[in-house]
Amino acid sequence: MSHNAKLKMLTNDLLGTDAESLQRSVAQHLECSLAKDTYSATRLDIYKSLVYTVRDRMVERWIATQQTYYDKDVKRVYYLSLEFLIGRTLGNSLISLDLLDQVNQACHELGYELEELREIEWDAGLGNGGLGRLAACFLDSMATLELPAYGYGIRYEYGIFSQKMNDGYQVEISDNWLRYENPWEIARPEYLYKVKFYGRVHQFTDAQGRLCHEWDDTRDVMAMAYDTPIPGYRNSTVNNLRLWAAKSTREFDLNYFNEGDYIKAVENKQRSEIISQVLYPNDNMFEGRELRLKQEYFFVSATLQDVVRRYKKTQRNFDKFTDKVTMQLNDTHPAIAIPELMRLLVDEEGLGWDESWEITVKTFGYTNHTILPEALEKWPVSLMEHVLPRHLQIIYEINRRFLDEVSRRYPNDTERLRLMSLIEEGIEKKVCMAHLAIVGSHSVNGVAALHTELLKSQVFKYFFEFYPERFTNKTNGITQRRWLQKCNPGLAQLITRHIGEGWTRNLYELKKLIPFAEDNGFRDEWRRVKLANKMRLAKYIEGANGITVNVHSLFDCQVKRIHEYKRQLLNILHVIALYNRIKSNPRQNRTPRTVILGGKAAPGYFIAKLVIKLISSVADVVNNDPVVSESLRVVFLANYRVSLAEKIIPAVDLSEQISTAGTEASGTGNMKFALNGALTIGTLDGANIEIRKEVGDDNIFIFGLTVEEASQLRGSGYNPLSYYYRNPELKAVIDMIGNGYFSPQQPQLFMPLVDNLLHHGDQYLLLADFASYANCQERVSQAYCNQEAWVKKSIVNVANMGKFSSDRTIQEYAREIWGVSPVPVKL
């Protein structure tokens, strides 16, 4: 027997999946990995030992997966994202590995409850919201579909901040998620790459007469890899998420130490490593910051070096690069990868410009995630020249050649040239990263049908006319394994009992639920599951907020990043209107309602933070008014995050998706709520349009202006004051806010919100949509009174969510953009 075979046999003996084997592994890790015994072990120690036990059972598949990709020399997908909002990993891994029941039993027999241990896990909050959570869902789907794929990003030491509430105000607390280490990851010090910044470009002609460039006198930082296994659902594939941490160079330290300046050495070490310390909060207002640019280049440079290293293990030249490599840019943050690949190919590998450009364009695909012009990345030329001088030269050359092409097709059209240039002229010249991403990629996709049409007709109109074949739509999706099977086990089990478990791999299987909407017994079970989920959330609310809520009331929920275009303020205007109606006629029979809001505002986003304060102030008034509190409750749940979303979403009756039409690219919260049986109230924005198409007009509540109507209203001179004066209920609500009804100690506190609505243009058309929204909410209240009909609608919503699985989205990317196929792994 060979040494490898013997080692494998011994390893297999240690990796049993029955409860007794799992207990032995936990005990072994407790003693051998953590140096603890049962007397000194804390719950954290038990949690870590359990994670190591589960991770052990992934490692064989992890290694086999990578070896399979090498042996078959497959084309690989590299998904580049500055954010991965993973959340907690333990529960998801147990479901994927089909170990949930065995681990539950093992923990129980050891004297612990699995649910309690899962609560110890810190959320990996390496993202701000939808974009990062989408990336995490995509990783799950790529592994489940057995695609040879890798995620690449940054191992932030501090993730998205923790939100505390102090007197109704948001207070940001640093999220030191690595304080107790991350037991899922494995450090890979052997994968250490030098990343250059600053310096100067030396231009010269070589012996063959070829113009060459050397990037000299740089300040360097090392990028070190940390790997996290991403298991597919009940298969043998375990893909890899590689996150980069910044480390100082050895030479950098020694120079100062050798000169005796130890303090300077430590200071510079800290300065170089700050690159991967903090995730930037997203306020949808792009602001060029040097550290942010360095973060983007840092992870892109390390990733491309890693990709090229892996490619060169099987290839001698770059003739097959695009047959073996495809990269997807998750928004514009990684777009600097385009000039970086050009630099590697031209400057480091000696390829010609034309050949390098052909390879680059065929390699990259670009996903756009925003319609808002102010959110599109534009880097000051002066900053780019200072931090990445060679890249700016390459961008200028890309731009020169591109504009020559445009000029040949559209001679004498200087306005078109100006609008399509990669360089925005003005008082301060800027590099338009979205333009760079479009020109340097073979594919450009939006993330919902409406979003893609707006990109083609408005945001990137001229680019679509120039490259019509590049633009496609890939409507976002969510993984049903986390967002139904894991977070809502009661509903998942009910569904599986009646239609089988095929839906966990093919969400279209949920169509089989449609006949059950007419089954009285099934509807009763459905209602009981929802009630149990509401009771669980009510218990959390009472513990977190000290508020008792009626579990038989309509749970009306809006949880997402706080931003003006998402219109949490419209929601609270309606809450105040409901409050006034109840106060004016307290004896009228009403549908009781619990309004639940949550979300973080970027630390520097004054208006968003003031909206949070208003929500809290309105909640204080409503919840402490005995006339109103039986019919209406308002709750703001602090520190919204993935693990909290998993508690909230299964319990919700009504999902608020009320952004101004034409502002939300897609949204995925809308999909998560609908998949868990909530009905949607929303505008015709983002993926709401496609949800309506799938579930039918009778099973969704649509209100408000369409994109076309909103555009016409703005074009004809929108006057919010006319809506204010024409609608007495709306006027009363705004006056209460402005007159200090909800802030008697500071009557002027909320005037900035009132001024924005009445005197600063009401940019997101809240007043124009208020009457339609309020009327639609009345329809909701009436519909909820008929519980039989409501539950039918709930079942129909879930049954028609098949399209919104991230599996479907990834299959479209794989087939239409990446050109990759499943690669089954055999153990």
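Let's start with the bend in α3: this helix bends by about 35 degrees at Met58, the bend being the angle between axes fitted to the seven residues ending there and the seven starting there. Please keep in mind that we are looking at a predicted model, where local features need pLDDT of at least 70, side-chain atom pairs count only at pLDDT 80 or more, and totals for chains, interfaces and linings use all residues. Residues are numbered from 1 along each chain as its sequence is written, and side-chain values use heavy atoms, with hydrogens and water left out.

Helices here are DSSP runs of H or I with at least four residues, strands are E runs of at least two, and both are numbered from the N terminus. α3 has 30 residues and spans 43 Å from its first C-alpha to its last, close to the expected 44 Å. That expectation is 1.5 Å times one less than the number of residues.

What comes after α3? It is Asp73, with a positive phi near 50 degrees. Asp73 also has a partner: its side chain forms a salt bridge with Lys324, at 3.4 Å from N to O. By salt bridge I mean a side-chain nitrogen of Lys or Arg within 4 Å of a carboxyl oxygen of Asp or Glu. Asp73 sits in the loop between α3 (43–72) and β1 (76–80), while Lys324 belongs to helix α11 (residues 321–324), so this pair ties together parts that are 251 residues apart in sequence.

How accessible are the two partners? Lys324 is buried at 18% relative accessibility, and Asp73 is partly exposed at 23%. For those words, buried is under 20% relative accessible area, exposed is over 50%, and partly exposed is in between, using a 1.4 Å probe and protein chains only.

On to another pair, Arg88 and Glu119, whose closest N and O atoms are 3.3 Å apart in a salt bridge. Arg88 lies in the loop between β2 (84–87) and α4 (90–96), and Glu119 in helix α6 (residues 114–120), so parts that are 31 residues apart in sequence are tied together. Arg88 is buried, at 12%, whereas Glu119 is partly exposed, at 39%.

Then there is Arg343 with Glu348, a salt bridge of 3.2 Å from N to O. Arg343 is buried at 8% relative accessibility, and Glu348 is partly exposed at 48%.

How many salt bridges does the structure hold? There are 61. Some join into a network, which links Arg188, Asp227, Arg242, Asp306, Arg309 and Arg310.
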